[in-house]
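My plan is to look up a few places in turn and to write down what I find at each.

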Amino acid sequence: MAEARSAVGKLRVFPDLEEGRDSWKDVYTAIRKSLVRRFFRTRNSIHNGTWPTSTNNLSIVFAITFGLLLAEPVKTVVLNKLLWNLADVLPIPDGTPRWFRAFITAWVVGLVFFVVLMKLRQYALRALLSYRGWLYENLKSQSGKTVLWGVLVKMISGYSPSLYSCQRSLPRLPVPNVHQTLVLLLDSLKPLCTQTEHNELIAEAAAFENSALCKKLQRILILKSWWMPNYVSDWWEKYVYLMSRSPLAINSNYYGMDQSYWTPTNNQTARAATIIYNILVFKRMIDREELAPLLIRNTIPICMSQYERLFSSIRVPGEKVDKLRHCDSADSKHIVVNYLGMYYRVECYDIKNQILSPSAIQTQFEWIMNQADSELKSGEVSEAARNIAALTALPRSDWAKIWKTNFKKGNNRKSNLSIEKAILLVVLSDKSPTTLNEKGKFLLHADGKTFWYDKTINVVFFKNGYCGLNVEHTAADAPVMGHVWESSLTKEITEKWYTEDGQCMPMPKSFRQAPTIKPVRLLWSVTSELENEINKALHFAEANNEDLDLEIGDHAKWGKGLIKRCKISPDAFVQIALQLAYYKEANCFAQTYEASMTRLYLNGRTETVRSLSQEMVDFVEAMIKDNISKEEKISLLNKAADKHQQLYRDAMNGKGVDRHLFALYVCCKGLNHESAFLEKVLTRPWTLSTSQQPQQQLLHVPDSNLPLFQNKVSPGGGFGPVSDFGYGVSYMLPSDHKIFFHVTSKHSCPKTSSKRFLRHIFESLNDLRKLFDLEVM
């Protein structure tokens, strides 16, 4: 295209080196930075490898041993003799001064003691962390055994762990017993089947369990669990995410929102600069491993491995399977900004490798907007080039063929590499959504040409100052990105980042920002064939977007504060309300998926909680009848809640159903065997897909129950429906006074309506409240 040819000479990412001495200076700087990075990586590796033991232990033992050998106190004669005997055994040359022999001996003793103590503490901590009794007990009524266990964990754990220090001490996910898995599976399917269908399933399950194939598959999984960090996570990433051929938009990517009804500034570039700056600071903490690992009950560490690939990652399309490509932080120092379909590479670090200040980033964003507006007026940017991101919304195999043909050379390759290696992608939108629904719908799929869906993180900033996320799911689960996002949003509330007129706060006079590099526009070579593909992709994306039915509800009358007065788990309460709502909606029950984490184990990701139980069915059926007393309904409600809590805890504990069945199925296909039973139970549709969103992962956050912060809590985010004939429901309980719901479905399904289902959810919540005769406070 003409625009690409005319602009190719302008492509300049780094400043020209005019003098030889500048070149030598850059070489010296690069070598110094490389050595510094290697030093810190080596230091962190040593720290992580020896944790929970500290090198202070080595120093203390050395000092004590050295002192004993030189001073030879009367009270330690026997010990002194043993130490000198050891010195005689060591290969120390004769005639060596006494103090030097003592020095060498003390170091040997200290080193042996340190290694033994390190291994003992690591194995002891791993054994302690395998205990799960605490998971099944309430925090306020823990048994003496659990209290003693907690004390031991605290005693054996080291102080000041770095981000990955606890990884070696985490237990590995155990492979459940096949019989136990099948029993749980059959229990979960009983409410969904007739008696005849259930009897058939029981017979098929028994035949599978007793087959030689089943025993062979189980043995392979057990062997894999011995030599792999996690027996299922690598297969889950490959076969559920990377091998899926569905478009990423709506099907894989999820969205996250900022504060519900408040923004600290209406200045788009100032908000964007501050949020991006705080995200970069968080990323630096990850890179340096300065971020403390998350602890449950301030005691039990969870796996932090997903943080490693969160930034500078992209999902590269393939015809049969995609690849998740992660760029090393040393080679990823920039972001890519999309404004009106034009992409700019922005270096986020100055020439001294310091993060640009918020005001410097704001200046870069404002320059981009002015430059892009000027280029648009001149007419040098084609419509097709501005819509090029629509290709990432295609089915994966279609996008892979286009990518292979058009993005492997020339300008397209250079620009695509800049996006691949970028820390994240920023969208400066010209839209100004005002309602939660408008924001949510744009953040989930936008207009089909705004998001680079392959990129792990797209951060969107609207014209009116609001912002949000669109995140590709492969690299990490939502709680990980939620941690980063919560940190950035919380800082806007607790710290002053903006002036009275909404601009970024100027840096202190003592702060000196080194020279920065000017943003560079990414160029695309769009042939007529590629333009045709872009137009088709845009029409495809627009049709998909139109089919999505999203409704966000703010249940502001009451929240988890009232639920706690019912003495029921808030999550169980909401799940029961969802089942009641769906029964009102469809007059039947649905196979229900609720996501749970397994990060108590090394490299753990998620497990499915099959929320629909026979206890829930019994309660819902009783609830719709007028001839059953409140007392009996409450009794059934408590049984349903207790059952749900049991299922949720089992899932966290590695005793779920679906990941085990999934691993058996993958193993079966890998051996070129067929199992009609596994195929049958794993392809049943998840008509109701649900997830509670994490909140308050930070240690220090404002009290969200105070009136001052009611409009500043985040509604969380949502995802598309798993089934074209069902609902996706995401919910967050950010305070005692609010519950946010994100309900998705498809307009093309005549039986679903997100707005109607949300109304049934609110009605069901109120029906449950009335059982306890509780007034809203």
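Leaving aside its neighbours within four places in sequence, which residues is I552 in contact with? Before I answer, I note that I am reading a predicted model.

**Entry 1: I552**

I looked up the contacts of I552 and, with neighbours up to four places away in sequence left out, I found Y255, M257, L436, N437, G440, F741, H742 and L758. I552 itself belongs to strand β12, which covers residues 548-555. I count I552 as buried because its relative accessible area is 9%, and the cut-off for buried is under 20%. I also checked I552 against T744: the two are separated by 192 residues in sequence, yet their C-alpha atoms are 8.7 Å apart in space.

Next I turned to β15, where I found four of the five residues buried, so I describe the strand as mostly covered. S689 is a residue of this strand, which spans residues 688-692, and with a relative accessible area of 5% S689 is buried.

Which strands pair with β15, and in what sense? With β13 the pairing is parallel and has three bridges, while β17 also runs parallel to β15 and is joined to it by five bridges. Taking the bridges one by one, I saw that T592 has L688 of β15 as its bridge partner and that E594 has T690 of β15.

I then followed β13 to β14, and here the sense is antiparallel, with five bridges between the two strands.

**Entry 2: salt bridges**

I wanted the background first: side chains of opposite charge can pair when their charged atoms come close. How many salt bridges does the count come to? The count comes to 31 salt bridges, and I looked at some of them individually.

R605 forms a salt bridge with E237, and their closest N and O atoms are 4.0 Å apart. R605 sits in the loop between β13 (592-597) and β14 (606-610), whereas E237 is in helix α10 (residues 233-242), so this pair ties together parts that lie 368 residues apart in sequence. I found both R605 and E237 to be buried.

R345 pairs with E347, with 2.7 Å between the closest N and O atoms. R345 counts as buried because its relative accessibility is 15%, and E347 counts as buried because its relative accessibility is 7%.

D724 and K746 form a salt bridge in which the closest N and O atoms are 2.9 Å apart. D724 is placed in the loop between β16 (717-718) and β17 (727-735) and K746 in strand β18 (residues 738-746), so the pair ties together parts that are 22 residues apart in sequence. Are these two residues buried or partly exposed? With 41% relative accessibility D724 counts as partly exposed, while K746, at 11%, counts as buried.

I also came upon a network of salt bridges that links R245, R315, D322, R396, D454 and E472.

For helix α22, I wanted to see whether the length of the helix fits its number of residues. The helix has 23 residues (630-652), which at 1.5 Å a residue should span 33 Å, and because the C-alpha atoms at its ends are 33 Å apart, I record that the two values agree. After α22 comes G654, and I noted that its phi is positive, near 80°.

On the surface I found a nonpolar patch made up of V147, L148, V151, L152 and M155, which together have about 450 Å² of accessible area. L152 is located in helix α6, residues 144-156, and with a relative accessible area of 33% L152 is partly exposed.

Definitions and conventions. Residues are numbered from 1 along each chain as its sequence is written. This is a predicted model: local features need pLDDT of at least 70, side-chain atom pairs count only at pLDDT 80 or more; totals for chains, interfaces and linings use all residues. Side-chain values use heavy atoms; hydrogens and water are left out. The expected span of a helix is 1.5 Å times one less than its number of residues. Buried means under 20% relative accessible area, exposed over 50%, partly exposed in between (1.4 Å probe, protein chains only). Patches are made of residues with over 30% relative accessible area and no salt bridge: like charges are joined within 9 Å, nonpolar side chains (Val, Leu, Ile, Met, Phe, Trp, Tyr) within 5 Å. Accessible areas come from the Shrake-Rupley method with a 1.4 Å probe; for residues, only the protein chains shown count as cover. A salt bridge is a side-chain nitrogen of Lys or Arg within 4 Å of a carboxyl oxygen of Asp or Glu. Contact means heavy atoms within 4.5 Å. Two strands pair if DSSP finds at least two bridges between them.
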